[in-house]
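Subject: Structure for your review

Dear colleague,

Please find below the structure that I would like to hand over to you. I should be grateful if you would read the notes after it alongside the coordinates.

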Amino acid sequence: MPGNNARMPLTTDDADKILSANFAPWVLELGLSVEELGGRRAVPRLPWSGRPAREGDSPSGQALNCG
């Protein structure tokens, strides 16, 4: 309908596509995804992986900052 400015709600799949198109490859390798959307917020999920972990199995600051 011309002149209709209604927006379709953003889905988590849409948000994941935005991540894929705009984040650096090293961030994408961490498996970052959007788990939930609502209102003006998004809940990202950074699954645990030993790959970006530091000694003692704590996640690196860079990995935490991207999530």
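**Overall fold and confidence**

Please bear in mind that this is a predicted model. The chain contains 3 helices and 2 strands, and these elements follow the pattern α-α-β-β-α when read along the sequence. Of its 67 residues, 13% count as buried. The accessible surface amounts to about 5500 Å², and carbon and sulfur atoms account for 51% of that area. As for the contacts between residues at least 6 apart in sequence, 19% join residues at least 24 apart.

The mean pLDDT of the chain is 77, and 63% of the residues reach a score of at least 70. Confidence is highest in helix α1, with a mean of 93, and lowest in helix α3 (residues 61-66), with a mean of 60. Where pLDDT is low, the predicted coordinates should not be read in detail.

**Charged pairs**

How many salt bridges does the structure hold? There are 2 salt bridges in the structure. Side chains of opposite charge can pair when their charged atoms come close.

One of the salt bridges is formed by the side chains of Glu35 and Arg45, with an N to O distance of 3.7 Å. This pair links distant parts of the chain, since Glu35 belongs to strand β1 (residues 33-38) and Arg45 to strand β2, 10 residues apart. Glu35 has a relative accessibility of 48% and therefore counts as partly exposed. Arg45 is also partly exposed, because its relative accessible area is 44%.

Another salt bridge joins Glu36 and Arg41, whose closest N and O atoms are 2.7 Å apart. The side chains of Arg41 and Glu36 are likewise joined by a polar contact of 2.7 Å. Arg41 is located in strand β2, which spans residues 41-45. With a relative accessibility of 45%, Arg41 falls between the limits of 20% and 50% and so counts as partly exposed. Glu36 is partly exposed as well, because its relative accessibility is 36%.

**Ala15 in helix α1**

Is Ala15 buried or exposed? Ala15 is buried, because its relative accessible area of 8% lies under the 20% limit. This residue sits in helix α1, which covers residues 12-22. Leaving aside neighbours within four places in sequence, Ala15 is in contact with Leu10, Val34 and Leu37. The C-alpha atoms of Ala15 and Ala42 are separated by 8.8 Å, while the two residues are 27 residues apart along the chain.

**Pro44 in strand β2**

Pro44 is found in strand β2. Its relative accessibility is 39%, so Pro44 counts as partly exposed. Which residue is 11 residues apart from Pro44 in sequence and 5.6 Å apart in space, C-alpha to C-alpha? That residue is Ser33.

**Points to keep in view**

For any detailed reading, please recall that the mean confidence is 93 in helix α1 but 60 in helix α3. The charged pairs to inspect are Glu35 with Arg45 and Glu36 with Arg41.

With kind regards

Definitions and conventions
Residues numbered from 1 in each chain as written. Predicted model: local features only at pLDDT ≥ 70, side-chain atom pairs only at ≥ 80, totals over all residues. Heavy atoms only, no water. Helix = DSSP H or I, 4+ residues; strand = E, 2+ residues; numbered from the N terminus. Buried < 20%, exposed > 50% of the residue type's maximum accessible area, 1.4 Å probe, protein only. Polar contact = N/O pair within 3.5 Å; in protein donor to acceptor, adjacent residues only side chain to side chain. Contact = heavy atoms within 4.5 Å. Salt bridge = Lys/Arg side-chain N within 4 Å of Asp/Glu carboxyl O. Areas by Shrake-Rupley, 256 points an atom, 1.4 Å probe, with all protein chains shown as cover. pLDDT = per-residue confidence, 0-100.
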